[in-house]
Amino acid sequence: MTRTDPLDVPRPDARVHFGVFFQGVNHWTVWSDPASGSQIDPANFRKVAQTAERGLFDAFFLGEGLRLREVDGRIHELDVAGRPDAVTQLAALAAVTDRIGLVSTSNTTFNEPADLARRLSGLDLLSAGRAGWNVVTTDNAWTGANFRRGGYLDHADRYRRAEEFLTVARALWDGWADGAVSGAADAPNWAAPDAVRRVRHQGPQFDVDLAPTLPRSPQGHPVIFQAGDSGEGRDFAARNADVIFSAHGNDFDDALAFAEDVRRRLRAAGRPEDDLRILPGTEIIIGATEEEALEKKHWIRLQQVTPATALGVAGLLWGLDLSDRDADGPLPKEDPVVTENDGSFGARRVADPRAVVAEWREKAEANGWSLRETVIRLGPQRGHVGTPAGLADRFAHWVRHGAVDGFNVTPYLIPDGLDDIVNLLVPALQERGVYPAGYAGTTLREHLGLREPLTRRAG
């Protein structure tokens, strides 16, 4: 086994953590190729989770879609959608997995803490301490129209509600004392006296008065994940989260700057700077050679950005229906139609379409790109591409130098999109001493090497 000299790197004993992100509403999952399976068949969820567990991934993570995306009132039919509630799905997966964590994306804007805390606690108990909660908020009236109170919250108010929501949830999870259930056949009572503490909370968002109905799991609380990238989101994570997701996973310097900013915020919040795991989202494409990997990437991008998808993405930018255009032809000659985004669109339009269109035209003309090629080249640049050895060296460098703690991997193909990672990349990482040979314990908190829940620490 090769090891890097501890004098050369700041974190010589760091390990790579992997999670798998089974996306919700999206168009990045390749669904149109014959190699793709159903996006909603429970058997495929099971296969992805079990493959990830075979590869010693820490967590299986489900996104959330509270409403189908729309463009000008029409369903965005290119999205993959139609999946069950995350907690329900994860409870089913708990029965067919043994170690992998099970993380639900659940919204604090349109849920209530007493109900959601109980459902997450139930998942944590059913999985013997493997549950996680990705705490998210929503800022648009378009989603709010699906809920009784409707409307939406200002950006700052979203995080105030989320923090109060999490405060109530943690109080409910702490409501049962250690050893609350007697466990002895000759005990006078099933529960010890005063073992369950009533939770009373009155705040700007919530008024709660109840006795929690469930004991804690072996890991104490579900692990808290958070994905906000704004200043408020990063501060929220520094005060509250165990894991932070990010979009800073493609460039080393960008990832390191994000990590250093998060660690600074942790110190300001009075927490150790290693108290939060940083797992940027990414896509991993593997080939036997660099050339093969790049060819594979090009094929994947063509499958992800089909002609119809390219026209849909460009239509959002131009503010026009381009469905009758040729995606492999030139860019539209019309100027973009600028309309105010009032929050009613599920698929977001850009802030300055004229500037973006000007950039697209300049680069497309200079490089001879078609509309579809322009969407691929100038759209979101996702992921890592290379050989198993090359990627293993890269990821070892990233974790040992503190840029990341690992990655939340989005497979481009369901259900077999993790096979190359598990069969080829994981062994290469293990050879370099940066990936475990087995799970560290039985709970998600143990897999991630996390301390006790914040409300259960001495002092």
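## Ground rules

Since the model is predicted, local features need pLDDT of at least 70 and side-chain atom pairs count only at pLDDT 80 or more, while totals for chains, interfaces and linings use all residues. Residues are numbered from 1 along each chain as its sequence is written, and side-chain values use heavy atoms, with hydrogens and water left out.

## Salt bridges

The structure has 32 salt bridges, a salt bridge being a side-chain nitrogen of Lys or Arg within 4 Å of a carboxyl oxygen of Asp or Glu. One of them pairs R119 with D115 at 3.3 Å, N to O. The two sit four residues apart in helix α3 (residues 113–126), so about one helical turn separates them. Helices here are DSSP runs of H or I with at least four residues, strands are runs of E with at least two, and both are numbered from the N terminus. R119 comes out as partly exposed at 28% relative accessibility, and D115 is partly exposed too, at 42%. For the cut-offs, buried means under 20% relative accessible area, exposed means over 50%, and partly exposed is in between (1.4 Å probe, protein chains only).

Other pairs reach across the sequence. R445 and D242 meet at 3.8 Å, N to O. R445 belongs to helix α14 (residues 444–447) and D242 to the loop between α6 (231–240) and β10 (243–246), so this bridge ties together parts 203 residues apart in sequence. Both partners are buried. Then there's R457 with D275, at 2.8 Å, N to O. Here the segment after α14 is tied to the loop between α7 (252–268) and β11 (277–282), parts that are 182 residues apart in sequence. R457 is partly exposed at 26%, whereas D275 is buried at 2%. There's also a network: D229, R234, D235, D261, R264 and R265 are joined by salt bridges that share partners.

## A negative patch

E290, E291, E292 and E295 make up a negative surface patch. Patch members have over 30% relative accessible area and no salt bridge, with like charges joined within 9 Å. E292 is in helix α8 (residues 290–304) and is partly exposed at 39% relative accessibility.

## Buried spots in helices

Helix α11 (residues 371–378) is largely enclosed by the rest of the structure, because six of its eight residues are buried. Those are L371, R372, E373, T374, V375 and I376. The cover over them includes α8, α9 (307–318) and α10 (353–367).

Back in helix α3, take S121. This serine is buried, with 8% relative accessible area. Leaving aside residues up to four places away in sequence, S121 touches W173, L214 and P215, where contact means heavy atoms within 4.5 Å.

Most residues other than glycine have a negative phi, and most peptide bonds are trans. The bond joining I414 and P415 is cis, with omega about 10°. P415 is in the loop between β14 (406–409) and α13 (419–431).

L56 is in the loop between α1 (42–54) and β2 (59–62) and is buried, with 14% relative accessible area. A128 is in the loop between α3 and β6 (131–136) and is partly exposed at 39%.

Terms used:
Patch = residues over 30% accessible without salt bridge, like charges linked within 9 Å, V, L, I, M, F, W, Y side chains within 5 Å. Areas by Shrake-Rupley, 256 points an atom, 1.4 Å probe, with all protein chains shown as cover. Lys, Arg positive; Asp, Glu negative; His and termini not counted. Charge placed at Lys NZ, Arg CZ, Asp CG, Glu CD.
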